[in-house]
Amino acid sequence: KLMSAFPTVWQMCLDGRLDIGKAQLLLDAASSLVDESDIPEFARLMNEYFARHDDPTQPLVTLTRQQIQSAARYRKLRFKQRSDEERFLDAFKKRRVSFHADENGMGHLSVNHTVTEAMAADYRLTLIAKRLCQGDESRTLEQMRADVMIDLILGRLTVSGTNGQLDESLDGGDESQDGSGRDGDSIFERHATGRFARPVIHVTVPIQTLMRLSDEPGLLSGNNAIPADLARLIAQDPDSTWYRMLTDEARSCVELSTHSYKPSNPVWRQVIARDQTCIYPGCCRPAVRTDLDHRVPYPRGATSTDNLEPLCRRHHRVKHANGFALERHLDGSYTLTTRAGSVFRTRPPEQPVADWSGYGDGRSAAHDQARATDIRENLVLTA
């Protein structure tokens, strides 16, 4: 949309002079216009602004985000704006939960919702954390808030008390009573994580890492690397399930198949571990949240690891649309051809490589034999 609505600005992005975040400010401003036919005129005004205030001799646009945003807001006021109610309803339809993985084994889980609901949830989360912090000096309030939120979502903690009851316990008064006569401590109940709440998490890790013979990182579904210590921590969790995945010298898995249309669990696990994400170029949705598509339609094509590929629901539909073609190569890469004739190539995701540097030093015959045959063995953990 940026390319069609603001072609001049888009060209500045292609030239490397303007980052996409600043260009997005123009789209955000244009989204509040009632009539989309006003966008070309709005774009012309912004082009004039850049022509007057940007120095084309500089390698980068020196205008700040605030300057561009202020200029866009000023110029969009020349046109009829959508009402606050319309903009709120449009934003409300886009409420969502998003997840982002860090490179250090941490992740961010955030929710976009109405400001009143978000503030109420934040306030209650703080009350619960403060109440649980009493007598626990090992964690800060923010650490406790983070732990409480995860525990609540995963079903490890339930809180039956009202905000008033939580407030009373913090004030140091008498233990609050609920309708059943239970005291304030009983508003908290701890549980083991129920099956319904157990997340489906796939971690592929060399067996040497779990044996502490190597510190080779693992790979979380979504092609996110995690440190060796975190992989071992997941493996030690009593709720984790181990699945062994043997690979050949080229680190390719032996083909698995089933006679039914629906993939068996071993087939599903191997495809998820192999491709990590939706295989559509540019899509980073973790493979555990995708459909497994038969590249050659069933029953003409088998339900096998070689004939299945993870595609998110959106790109699954795109792949089957007229004019699109998706081809898998022997090295695990894919080539997508769009209906416009554009060609995109993806590279196969990296797999953890077992570290055999310590083998063959006479420590054991088993180690020497493993090195001689060059067997690669990974473990797929489902936590």
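The axes of helix 7 (residues 115–133) and helix 8 (residues 141–154) come within 9 Å of each other and cross at roughly 110°, which makes helix 7 roughly perpendicular to helix 8. This is a predicted model, in which local features need pLDDT of at least 70 and side-chain atom pairs count only at pLDDT 80 or more, while totals for chains, interfaces and linings use all residues. Residues are numbered from 1 along each chain as its sequence is written, and side-chain values use heavy atoms, with hydrogens and water left out.

Helices (H or I, at least four residues) and strands (E, at least two) are DSSP runs numbered from the N terminus. Axes are lines fitted to C-alpha atoms, for helices over the stretch in contact, and their angles run from 0 to 180 degrees between N-to-C directions; angles under 35 degrees count as roughly parallel, over 145 as roughly antiparallel, 65 to 115 as roughly perpendicular and the rest as oblique.

In contact (heavy atoms within 4.5 Å), residues of helix 7 including Leu 125, Ile 128 and Ala 129 meet residues of helix 8 including Met 144, Val 148 and Leu 152. A second pair, helix 2 (residues 7–14) and helix 3 (residues 20–30), has axes that cross at roughly 170°, which makes helix 2 roughly antiparallel to helix 3. Here Val 9, Trp 10 and Cys 13 in helix 2 meet Ile 20, Ala 23 and Leu 26 in helix 3.

| Helix pair | Axes come within | Crossing angle |
|---|---|---|
| Helix 7 and helix 8 | 9 Å | roughly 110° |
| Helix 2 and helix 3 | 10 Å | roughly 170° |

Helix 8 also takes part in a surface feature. Val 97, Phe 99, Leu 109, Val 111, Met 149, Ile 150 and Ile 153 make a nonpolar surface patch of about 630 Å², and helix 8 gives the largest share, three residues. Val 97 lies in strand 1, which, with strand 2 (107–112) and helix 8, is among the elements that give two or more residues to the patch.

Two backbone details lie in loops. The peptide bond from Tyr 298 to Pro 299 is cis, with omega near 10°, and Pro 299 is found in the loop between strand 10 (291–294) and strand 11 (303–304). Gln 276, a residue other than glycine, has a positive phi near 70° and is found in the loop between helix 12 (265–275) and strand 10.

How values were computed. Patches are made of residues with over 30% relative accessible area and no salt bridge: like charges are joined within 9 Å, nonpolar side chains (Val, Leu, Ile, Met, Phe, Trp, Tyr) within 5 Å. Accessible areas come from the Shrake-Rupley method with a 1.4 Å probe; for residues, only the protein chains shown count as cover. A salt bridge is a side-chain nitrogen of Lys or Arg within 4 Å of a carboxyl oxygen of Asp or Glu.
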